[in-house]
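Thanks for coming. I have one structure to go through today, so let me put it on the screen.

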Amino acid sequence: MEKLNTLDVVKKHGFKFSKSLGQNFLTDSSVLEDIVNSAEISKEDFVIEIGPGVGTLTKKLIEKAKYVCAIEIDSTLLPIIQEEIGEVSNFRIINSDALKLDFNEIIGNEKSVKLVANLPYYVTTPIISKLLNGEYNFKSLTVMIQKEVADRINAAPNCKEYGALSILVQYYCNTSIVRVVKPSCFVPQPKVDSTVIKLDKLENPRVKVHDTKLFFRVVRDAFNMRRKTLWNAMKQLGISSDNMISVFERAEVDPKRRGETLSIEEFARLADEIHKEL
Ligand code: SAM
């Protein structure tokens, strides 16, 4: 494995890592190549990077993209990145918390928008949920995240990893695992394995439902009570037993099943039949 000069850059600037900001910087050039190649960046693309760190991935993105906008919460990193990257016309950095940002203010009228990031692990799920729920016109999200979270995102029914996060992401995207990354590819080393995963946004959500909020509520309720049958998990919706029997019949879902066995299409049918009773 070829080492990047990440640690030299960190030392040169006297930068101190913050554990609470999820600062594990990439040191392995093959991982960098795999992220950039799988993101399929061209000169048409407007790229948003969350958490550029000292700019290791950012530099590669700037070479390939029409424009790169990086969002970094740690203000002490801004002068470091600026110095490392120098004066280039297709880059800007915003000092902000990605969780608080309205991405549409950055995206503007851009048509081909791709997100690429080695995400801070303490906020992986809220960031991905925000990016997908926010009706932003991303074409794809290529992100490095904890392996355990990537496995949940990519899971199929009847797997122990399958849950509300699998449905949320697969509702909006095709998912593909690019590669697993060992802790030794970072400085400082995280405690867990990581995965690069690519999420390609679908033109339309995978299933058509009458009420998206209700659909996700049904999914959440089904997985919050993983051990319970759907019949018991759906009780809290307050629908009478007679009507609930008919809901399950019309949806062609056996109420004795558990949520973890349902496909996204079955969840959609169930939510739409529940919708008619509310
Ligand atoms: N991209 C760099 C790399 O691959 O070496 C650094 C990745 S490091 C895992 C995560 C980065 O996200 C850090 O630079 C950290 O300061 C930044 N960060 C943490 N929380 C953030 C937030 N809420 N919004 C924006 N950036 C954040």
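This is a predicted model: local features need pLDDT of at least 70, side-chain atom pairs count only at pLDDT 80 or more; totals for chains, interfaces and linings use all residues.

Domains to begin with. Where they touch, 12 residues of domain 1 are in contact with 13 residues of domain 2.

Now the ligand. There are 23 residues around the ligand, and those that come nearest are Gly51, Glu72, Asp97, Asn118 and Tyr122. Asp97 also has a polar side-chain atom 2.8 Å from a nitrogen atom of the ligand. For Glu49, a polar side-chain atom lies 3.4 Å from a ligand nitrogen. With Ile73 the backbone is involved: one of its polar backbone atoms is 3.4 Å from a nitrogen atom of the ligand. How much of the ligand's accessible area does the protein cover? On its own the ligand has 600 Å², and the protein covers 99% of that.

Last, helix 9, residues 212-224. Its 13 residues should span 18 Å at 1.5 Å a residue, and because the end C-alpha atoms are 18 Å apart, the model agrees with that expectation.

Which residues of helix 9 are buried? They are Leu214, Phe215, Phe216, Val218, Val219, Asp221, Ala222 and Phe223. Among the elements covering these buried residues are helix 8 (164-172), helix 10 (230-233) and helix 12 (264-277).

That is the end of my part.

Terms used:
Residues are numbered from 1 along each chain as its sequence is written. Side-chain values use heavy atoms; hydrogens and water are left out. Helices (H or I, at least four residues) and strands (E, at least two) are DSSP runs, numbered from the N terminus. The expected span of a helix is 1.5 Å times one less than its number of residues. Buried means under 20% relative accessible area, exposed over 50%, partly exposed in between (1.4 Å probe, protein chains only). Contact means heavy atoms within 4.5 Å. A residue is near a molecule or strand if one of its heavy atoms lies within 4 Å of it. A polar contact is a pair of N or O atoms within 3.5 Å; within protein, one must be able to donate a hydrogen and the other to accept it, and residues adjacent in sequence count only if both atoms are side-chain atoms. Accessible areas come from the Shrake-Rupley method with a 1.4 Å probe; for residues, only the protein chains shown count as cover.
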